[in-house]
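Start with the sequence and the model.

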Amino acid sequence: MASTTSSLLHILLLLLLLSHPSEQQQTSSLSPSDKAALFDIRSNLRDLPGSNFFSTWDFASDPCATFAGVICSPDDEQGTQSLRVSVLTLGTGLADSPGLTGILSPSLANLTALTDLVVYAGRIYGPIPPNIGTRLRRLRLVSISNNPICGPIPVSLAGLPDLHTLDLGHNKLQGPIPTPLLLPSSPNLKVLILAANGGLSGELPPGISTAQLLHLDLRGNYLTGALPRLPSTLRYLSASDNALSGTLDNAFAAQLPDLAFLDLSMNAFTGPIPPALFALPRLSSILLQRNNLSGPLAVPPPGGEAPPSWAVVDLSHNVLTGEVPAALAAAGSLFLNNNRLTGAVPKEVARSVYVGSMTTLYAQHNYLTSFPAQPLPLPDSVALCLSYNCMSLTSAAAAGCPGSAGTQPSRPSYQCSNITIAVTGGRDG
C-alpha cells in the first residue's frame, strides 16, 4: 500500500512540474524590450513580391525559437536568465529572393546585446539609425549592403571596441567617411567595405597608416586628395573609380608585406609608379589603369628565393614612357596598351607569351618597334595584341586584339619619327 501511494505521489509531482514550469524556464524567454524592438523592426519592413522572409515572424510564438534570422543568447552581462537577441539577419541573401523593403527602425538600437547585424540585398531605403553605435556597443559584425540606403555613415559606428567587419557597400550613402573609422579609435576593425555608394566624398586622413585594417574597399565613390601612407597590415586595397590625385610615392613608402591585391584604377594619379610597389612580396594583382601616371617603368629584376609573380598587371591608359621592363614577363596577364612605351618588347616577355605562362599581352597603341620572333606557335589560349605601334605586324600579333584597338595595324611613319625610339639591336633573339 505504501509503495502504491509513493508511486502516485511521484506521478502527481511529475504532472505538477509539467503543468507549472520552473522559475528558470519561466524567465528564460526573450526580454520584453527586445521583443518590442523586433515588433517595431517588423512594422517598418515588408517582403518584396516573391520573398517570404517574414512568414515565420508570428509574435504569438517565441521569437528565439521560430523567427527566421533571429538568434538569442543568455544575457550574462546583466546577470539575469532572460534571453537577448544577439544575431539579427534581415533577408535571406539567396539569389532568387528579392529581399525586403521599408526603413530601418530606430528601435534597432534597443537590441543592446546585438553582436551581429546583417541586412541583405533588397530595397530598404532611408538612413541608418544614427545612434546605432551609441547603443549597440557589443557589435562585432555590421553588414548593411546592396540597398538604396542613403544619408551619412553614422559617426557612432566609429570606436566600437569589438567591431571587426563593417560592410556598407553598394548603397547610396553620402558625405565624408568618419575619420575615427580609419584610425586606432576602432582598434579591432579589420574589414571596411564602403564600395559603390557614389556619394562618399572628402579626403582620407593621414593617420590611416596607424590603423590595423586588412581589407579596405572604397571603390566607386567621390573621394578626393592624395592617397596617404597605407597601413602596414593591409592585404586588400581597392580605391578605384574615385577622384584621388597626387603621386603614389608616399602611399608606398612604408613596408606592405602582406598586400596581395591593389586597385587604384580610374583616378587622377600622376607621376611615376614607385619601384617599391613591384617588389612587394605577396602582391599578385596590380591595377593602375586609366590614371595620368607617367615616366619610365622601373621594375626591379627578379631576385631572392621567391621572385614576384603577378596574376595581372594593368598599367593601360596612362602616359608611361621608356621601354618595357623584362621583369614584367612574370605577369600572367599584362596590359600596357595606350601609353607611350618605346623600343622592342623584351625577349623574356615574348618567350612568356609563346610558352603560355602569359595568357594576355595587350600592348597596342604605343611606339614599340619590334616583337622578338619565337620558334614556337602562339598557343590558342593566348590573347596577343600589338597593333598601332611602330612595327610591322604578323597575323598572330593582331589576332587577339579587342575591338577598341581599331583597324590600323601600324602607326603612320610620321608619328614614329617624331618620338625618340631606343635602339633595339641584339634584343630580338
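What follows covers the nonpolar cores and then the disulfides.

This is a predicted model, so local features need pLDDT of at least 70, side-chain atom pairs count only at pLDDT 80 or more, and totals for chains, interfaces and linings use all residues. Residues are numbered from 1 along each chain as its sequence is written, and side-chain values use heavy atoms, with hydrogens and water left out.

The largest nonpolar core holds 103 residues. Such a core is a set of buried Ala, Val, Leu, Ile, Met, Phe, Trp, Tyr and Cys residues joined through side-chain atoms within 4.5 Å. Buried means under 20% relative accessible area, exposed over 50%, partly exposed in between (1.4 Å probe, protein chains only). Leu 88, Leu 90 and Phe 252 are among the members that touch the most others. A second, separate core has 7 residues, including Phe 335 and Cys 385.

The whole structure has 3 disulfides, each a pair of cysteine sulfur atoms within 2.5 Å. Counting bonded cysteines along the chain, the pattern is 1-2, 3-5, 4-6.

Cys 64 pairs with Cys 72, sulfurs 2.1 Å apart. This link is left-handed, at -90° about the S-S bond.

Cys 385 is joined to Cys 401, S to S 2.0 Å. The link is right-handed, at 95° about the S-S bond. Cys 385 is buried at 0% relative accessible area. Cys 401 is partly exposed at 23%.

Cys 390 is joined to Cys 416, S to S 2.0 Å. That link is left-handed, at -100° about the S-S bond. Cys 390 is buried at 15% relative accessible area, and Cys 416 is buried at 14%.
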